[in-house]
2 protein chains.
Amino acid sequence: MARAGLTTERVVRAGAELADEAGFDQVTVSAVARHFGVKVASLYSHVKSSHDLRTGIALLALEELADRGDDALAGRAGKDALSALGNVYRDYAREHPGRYAAAQLRLDPSTAAASAGVRHARMTRAILRGYDLTEPDQTHAVRLLGSVFHGYVTLELGGGFDHSAPDSQETWNRILDSLDALLRNWPAN
Amino acid sequence: MARAGLTTERVVRAGAELADEAGFDQVTVSAVARHFGVKVASLYSHVKSSHDLRTGIALLALEELADRGDDALAGRAGKDALSALGNVYRDYAREHPGRYAAAQLRLDPSTAAASAGVRHARMTRAILRGYDLTEPDQTHAVRLLGSVFHGYVTLELGGGFDHSAPDSQETWNRILDSLDALLRNWPAN
DNA sequence: GCATTTACCTAAAGGCTTTAGGCAAATCAG
DNA sequence: CTGATTTGCCTAAAGCCTTTAGGTAAATGC
């Protein structure tokens, strides 16, 4: 019987594609096995558990996002950098909704520490170098940007902004403008 | 055999409690049945399906949240109202993490239209009456507030702001200040 | 007190997860 | 190139969750 040539890498990647097509909560060891035309038990050589599979997808997504972020930030500063990073998250979520959902998965501390999550924090801080903030304001600002980006993308993805004028793109532009203005003019205390 | 006295209401409420204690993804018809000391099949007279149970919890959460919001907004305006509504979401999420997660569940359009979700939109617009915005800026602002509140609460709940100074409360205060400043001084175009 | 409704039950089928143990294909040694 | 080892996928099986069908007993109503 010919072998399917599975590896952890391929299994996780197939899971990620399934997540984008059918939703992250539809990602199941069984479904991935079906995709490869293989019995379920066979996947357990490549993935420790269902949760492990999901974690793998989350780590993949975090890394892809961080890679895109690095690319987008290269050579940019100030509002340019701000918009670029915001668009990375927004575009990624629209292109890969399942992966984006996976990236929100709560990781246990040691996994999180070894993930690309730390690169994300660094990227947001890099943006703030274009503005004049020192600690602890920088941390407040990091959290604000994280909240807005994540919140907006999540609500938009959930369809919250469909079916009503003005369209979502316009609001997004206004929000980026507002954040830029806010950071340039950060309230003293 | 004595009856347990189940009703849809009680079943959903038990599900909500389970969500808060164990996480929304742990909410299962079986678990709720165990809680009542009843066979699983018995719950299917009160709840159409597992999905229906989860939807019920989501609707409950949306309503509880809207009730709290109405209370909090009564007699307040401007920054006072802004803080009050923000705190409603944040406090609710901390007190009832499972219910809050449930409230994010994607509802089908007709269910959503009949839910307390519409009250939420109204509440946010009510806040903006204290600021000088007209359409379409008002809609942009509604979306911004929604994004920040939801994003912040989600990240905080996920533990994103633990283990690092300054503490989350301080950031939250600064964010409310910033939003107020931004709304008072909304960029002309 | 009897009929009807209602609440909960047993039974059963189907799906997902996970572990244990087996066989055959790929890989490697001499 | 052949025999030994490793590795990949398989069968089997147990446990839990969902959902439907049909039965019995408790509550309700006349």
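Let's start with residues 5-65 of chain A: an unreviewed UniProt entry annotates them as "domain: HTH tetR-type". Keep in mind that everything here comes from a predicted model. Over that stretch, residues 5-65 of chain A, the chain is 70% helix and 0% strand. Its end C-alpha atoms sit 27 Å apart.

**Meeting the DNA**

Now look at DNA strand C. It has 20 residues around it, and the closest ones come from both chains: A:Y44, A:S50, B:R3, B:G5 and B:S42. What kinds of residues make up this surface? Sorted by class, the surface near DNA strand C has nine nonpolar, seven polar and four charged residues.

Which helices join in? At least two residues each are supplied by α2 (29-36) and α3 (40-43) of chain A and by α3 (40-43) of chain B. The largest share belongs to α2(A), with three residues.

And which part of the DNA does the protein meet? If you take the atoms of DNA strand C within 4 Å of the protein, 64% are sugar or phosphate atoms, and the rest belong to bases.

| Residue | Atom on the protein side | Distance to a phosphate oxygen of DNA strand C |
|---|---|---|
| A:R34 | polar side-chain atom | 3.3 Å |
| A:Y44 | N or O atom in the side chain | 3.0 Å |
| A:S50 | polar backbone atom | 2.6 Å |

Notice that A:S50 uses a polar backbone atom here, while A:Y44 uses its side chain. A:Y44 and A:S50 are also on the list of closest residues.

How do you get chain A onto chain B? Turn it by 180 degrees and shift it 0.0 Å along the axis, and it lies on chain B with an RMSD of 0.0 Å. The two copies are therefore related as by a two-fold rotation axis. In chain A, the C-alpha nearest that axis belongs to A:G151, at 1.9 Å. Both copies use the same surface, too: 97% of the contact residues of chain A recur in chain B.

**A closer look at one residue**

Finally, let's zoom in on B:D137, which you'll find in helix α9 (residues 137-157) of chain B. Is B:D137 buried or exposed? Its relative accessible area is 14%, so B:D137 counts as buried, the cut-off being under 20%. Leaving out residues up to four places away in sequence, B:D137 touches A:R174 and B:W186. One of those two, A:R174, belongs to chain A, and the other, B:W186, to chain B.

How values were computed. Residues numbered from 1 in each chain as written. Chains lettered and ligands numbered in written order. Predicted model: local features only at pLDDT ≥ 70, side-chain atom pairs only at ≥ 80, totals over all residues. Heavy atoms only, no water. Near = heavy atom within 4 Å. Polar contact = N/O pair within 3.5 Å; in protein donor to acceptor, adjacent residues only side chain to side chain. Helix = DSSP H or I, 4+ residues; strand = E, 2+ residues; numbered from the N terminus. Nonpolar A, V, L, I, M, F, W, Y, C, P; charged D, E, K, R; others polar. Least-squares fit on C-alpha atoms with pLDDT ≥ 70 in both. Contact = heavy atoms within 4.5 Å. Buried < 20%, exposed > 50% of the residue type's maximum accessible area, 1.4 Å probe, protein only. UniProt positions renumbered as here; feature names shortened; annotations may be inferred.
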